[in-house]
Amino acid sequence: MISDLGVNDIGTYSFKRANVDLDREEISRPSLSYWQDAWLRIRSNKRTLASLCVVVFMVLVAAFGPSLWHFEFDSQDLNQTSKAPWSSRAMTVIEPYTPWVDRPAVSGWSDTGGPTNFEVVGFPSIEFVRLTWTPVQGATRYTVYRTIVDPEDGPFGLPLGTLIGESENAYEDRIDLEQDRYWYSVEATFADGSTASTTLPVEVSAATTLAGAIESQWVDSDSDLQPGDTLKTPWHPLGTDYLGRDMLARLMKGAQISLFIGIVAPLLFILLGVVYGSFAGFLGGKVDSLLMRFADFVVALPFLLFMILFKLVFGIGAGESGILPMLVALVLLSWPAAARLVRGQILQIREEGYIDASRLLGTKTPRLILRHMIPNTMGVILVTFTFAVPSTIFTEAFLSFIGMGVEPPIPSWGSMCNDGRKTMETTPHELIFPAIFISITVLAFNILGDGLRDALDARMRSTE
Amino acid sequence: MLWYTIRRLLQGLITVWFIATATFWAMHQVPGDPFVGEKAVSPEVEANLKARWGLDKPPLEQYWIFLTNMVQGDFGISFAQESRSVNDIILERFPVSAILGILAIVFAGLGGVLYGALTALYRNQWPDVIIILLVIIGISVPSFVFASVGQLVLVVINQLIGFTVLPVAGWGDISHMLVPALVLGLGTMAFLTRLMRSSMLEIVTADFIRTARSKGVPAAQVFSRHQLRNAVLPVITVLGPSVASITTGGFVVENIFGIPGLGQSFVLAVQQSDYGVIMGTTVFYGAFLVLMVIIVDLLYAWIDPRVRLE
């Protein structure tokens with residue numbers, strides 16, 4: 001039938017509009033846009049939602065925490081160093097220190113079995129511990145020891161001092177005392193070299209003078225506390241560090257630094273990568289391969305070594321935080337990954353049917369890029385961004401940990417870990433808290449990234 | 001295969017040249033010179049020293065000397081450790097880092113493949129759940145925290161037992177290496193486990209697995225011959241980047257455990273502004289990483305012919 005028709009037989013009359021049943025064409029369900037679909041997927045994934053909440057919480061803590069919390073991140077309190085959150089806050093008010101002049105007189109002698117009546121004079125506090133004993137007949141010298149574990153028959157611990165003379169009967173210890181239980185031993189040495197000793201456990205209390213308390217701002221200057229009263233030192237919910245700075249204040253300030261670098265640096269280098277990559281992908285040909293070869297070179301640079309090199313290159317003057325040089329170095333070294341990704345996407349999208357269709361309809365190139373290409377790569381870019389944040393936080397922490405990152409006194413989670421590591425055996429909280437902050441934040445961003453990838457990138461949707 | 005090898009090696013050479021160039025010009029921008037901060041030297045002495053180290057020549061000539069020396073395998077001299085060549089330092093330090101790194105890679109690779117296979121085998125049962133939990137910890141806890149905690153655990157164990165089972169720090173025999181290498185490999189191990197798991201799960205649905213099953217191949221053989229072997233392929237591709245991340249981790253682990261490796265000497269060199277060592281080590285590490293990536297690429301091309309044809 002058709003073969004009977006010549007070309008000339010075809011006219012407008014040949015194209016009659018068919019009957020279209022419009023009702024049947026109607027889409028009965030609302031059509032979901034890409035982002036609506038993504039949001040639905042995120043909402044139905046509990047893990048992603050939870051991690052999103054953690055991320056938002058951390059950002060809020062970083063944004064408002066330091067200004068709401070009444071401790072400054074750099075205000076030191078040297079009377080409150082390395083306090084664990086669970087250590088006692090009670091402190092006894094004592095008289096200002098005066099030298100021990102009225103030492104007890106010798107009122108008798110012990111036999112050669114060792115010093116007797118070994119006891120504490122006055123109130124044993126971190127200011128001083130005063131000890132007295134009945135001297136031993138025939139002793140040539142006395143050595144006083146201190147330890148924090150019961151010595152029993154073992155070593156007496158730290159030798160505090162040696163007193164020469166038979167009638168020495170008192171010793172005052174003011175060496176680095178802390179609120180703890182100590183075992184003091186006094187050992188008498190005789191002319192023939194033999195020794196005899198006595199040990200005494202002493203509970204040393206935290207104490208301060210009123211003037212000291214006022215200076216540390218634990219009480220008001222018009223306080224009517226008397227010696228012997230107790231006061232409560234300020235509450236540090238997460239303890240203090242080795243300079244007596246509030247850990248919570250430092251962690252929140254550290255959150256500001258870590259999150260700022262962790263979010264701004266990826267934003268910048270992904271932006272650079274998007275511009276670079278879409279240029280390369282769109283221009284194609286020789287320019288493309290030249291641009292991408294350069295990106296390959298930058299990838300090959302040993303990342304950490306160059307981060308450190310750049311820190312040297314930019315140089316950090318006195319009083320500078322070192323954040324800006326780190327940002328610049330991160331951007332300079334990290335953009336190629338995003339550039340490669342975007343270029344690949346653009347190359348792929350360029351061949352898509354809807355691009356051809358749009359071109360046929362007469363869309364100009366800029367609009368083509370802005371309306372079709374970039375929105376279609378947004379999902380992948382967003383996922384890349386979410387994964388770049390935790391790895392950047394890691395890098396920052398890592399650099400600060402080896403002392404090549406943010407300059408003190410500005411805290412960063414990494415440098416706090418490094419500070420805490422030095423005292424981890426005695427005060428582990430100084431290491432544990434910053435480590436927890438890093439881990440939780442990195443974990444939250446990683447899970448969020450997984451969830452976003454499942455929601456936004458159909459091809460990468462995980463099989464779990 | 002030969003052509004592919006030659007091409008990759010040539011690309012690698014150009015990359016190393018780029019790294020050397022970038023390092024040289026970056027170092028050239030560093031403010032000050034090695035004489036800043038030293039006790040005052042007379043102008044004559046300074047001029048002599050500069051002449052000795054070639055610092056009086058114009059930058060382009062210095063660059064040329066630097067490049068030709070590199071080509072001859074001369075990485076320069078240390079400014080801080082008098083009369084030691086960087087080659088000396090690298091020769092002394094690198095084997096230590098290399099042993100530590102290889103051990104870490106072995107731990108990470110074996111652990112990753114083993115745990116990944118286990119999770120896939122016991123999918124959604126308790127071994128899977130526990131390992132996934134450990135993987136999450138491994139990915140989100142920084143290596144320096146692992147190292148610190150590892151050291152603390154060693155201290156406690158040694159105290160409990162009463163003698164030194166494994167030393168807490170230092171370098172010497174295998175007992176010094178185990179814990180640092182394990183700590184160094186943990187992050188990579190977690191990453192490889194995750195990769196291995198998804199790769200295993202993907203392959204389970206492949207046609208050739210179904211074919212093997214329908215042929216009546218025993219389940220154990222399907223698992224070991226068909227599933228495991230094919231699932232390991234993607235793991236090999238990321239071994240190259242893993243070398244880089246383990247090298248990076250080495251910086252911290254070496255410093256914490258007091259291991260005299262190249263990472264420790266680099267950090268020290270930066271603190272002492274020892275430009276010679278910084279430059280030499282950077283180029284050396286860069287070249288080493290490039291070589292590693294090429295080796296992994298060749299390995300992969302040898303295993304999977306499709307790569308060669310690209």
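1. In chain B, helix α9(B) passes helix α12(B) in a left-handed crossing; a crossing counts as left-handed if the near helix is turned anticlockwise from the far one by less than a right angle, and as right-handed if clockwise. Helices (H or I, at least four residues) and strands (E, at least two) are DSSP runs, numbered from the N terminus. The model is predicted: local features need pLDDT of at least 70 and side-chain atom pairs count only at pLDDT 80 or more, whereas totals for chains, interfaces and linings use all residues. Residues are numbered from 1 along each chain as its sequence is written, and chains are lettered from A and ligands numbered from 1 in the order in which they are written.

2. The axes of α9 (residues 219-237) and α12 of chain B come within 9 Å and cross at roughly 155°. Axes are lines fitted to C-alpha atoms, for helices over the stretch in contact, and angles run from 0 to 180 degrees between N-to-C directions. The crossing angle therefore makes α9(B) roughly antiparallel to α12(B). Angles under 35 degrees count as roughly parallel, over 145 as roughly antiparallel, 65 to 115 as roughly perpendicular and the rest as oblique.

3. On the α9(B) side, B:Leu233, B:Ile236 and B:Thr237 meet B:Val296, B:Leu299, B:Tyr300 and B:Ile303 of α12(B). Contact requires C-beta atoms, placed from the backbone, to lie within 7 Å. The residues of this contact comprise six nonpolar, one polar and no charged. Ala, Val, Leu, Ile, Met, Phe, Trp, Tyr, Cys and Pro count as nonpolar, Asp, Glu, Lys and Arg as charged, and the others, Gly among them, as polar.

4. Chain B has 13 helices and zero strands. Its C-alpha trace spans about 85 × 60 × 30 Å along the principal axes. Among contacts in chain B with a separation of 6 or more, 76% join residues 24 or more positions apart.

5. Helix α11 (residues 262-271) of chain B is mostly covered, with seven of its ten residues buried; B:Phe266 and B:Val270 are among them. These buried residues pack against α7 (303-314) of chain A, together with α4 (86-121), α10 (239-257) and α12 (275-303) of chain B. Just after α11(B), B:Ser273 takes a positive phi of about 50°.

6. The contact between the chains takes 33 residues from chain B and 31 residues from chain A. On the chain B side, the largest share, seven residues, comes from α1(B). By class, that side has 23 nonpolar, nine polar and one charged residues.

7. In chain A, helices α6 (residues 285-300) and α8 (residues 323-350) pack at an angle of about 140°, with their axes 8 Å apart. This angle makes α6(A) oblique to α8(A), and the crossing is left-handed. A:Met292, A:Ala295, A:Val298 and A:Val299 of α6(A) meet A:Leu333, A:Pro336, A:Ala339, A:Arg340 and A:Arg343 of α8(A). The contact has seven nonpolar, no polar and two charged residues.

8. Chain A also holds an open sheet of three strands in the order β9-β1-β10, with mixed pairing; strands pair if DSSP finds at least two bridges between them. Its edge strands are β9 (207-209) and β10 (230-232), and the twist averages 45° from one strand to the next. Strand β1 (residues 90-94) and β9(A) pair in the parallel sense over three bridges, and A:Ile94 stands opposite A:Thr209 in β9(A).

Key
A residue is buried if 20 or more other C-beta atoms lie within 10 Å of its own, exposed if 12 or fewer, and partly exposed in between; C-beta atoms are placed from the backbone. Two residues are in contact if their C-beta atoms, placed from the backbone, lie within 7 Å.
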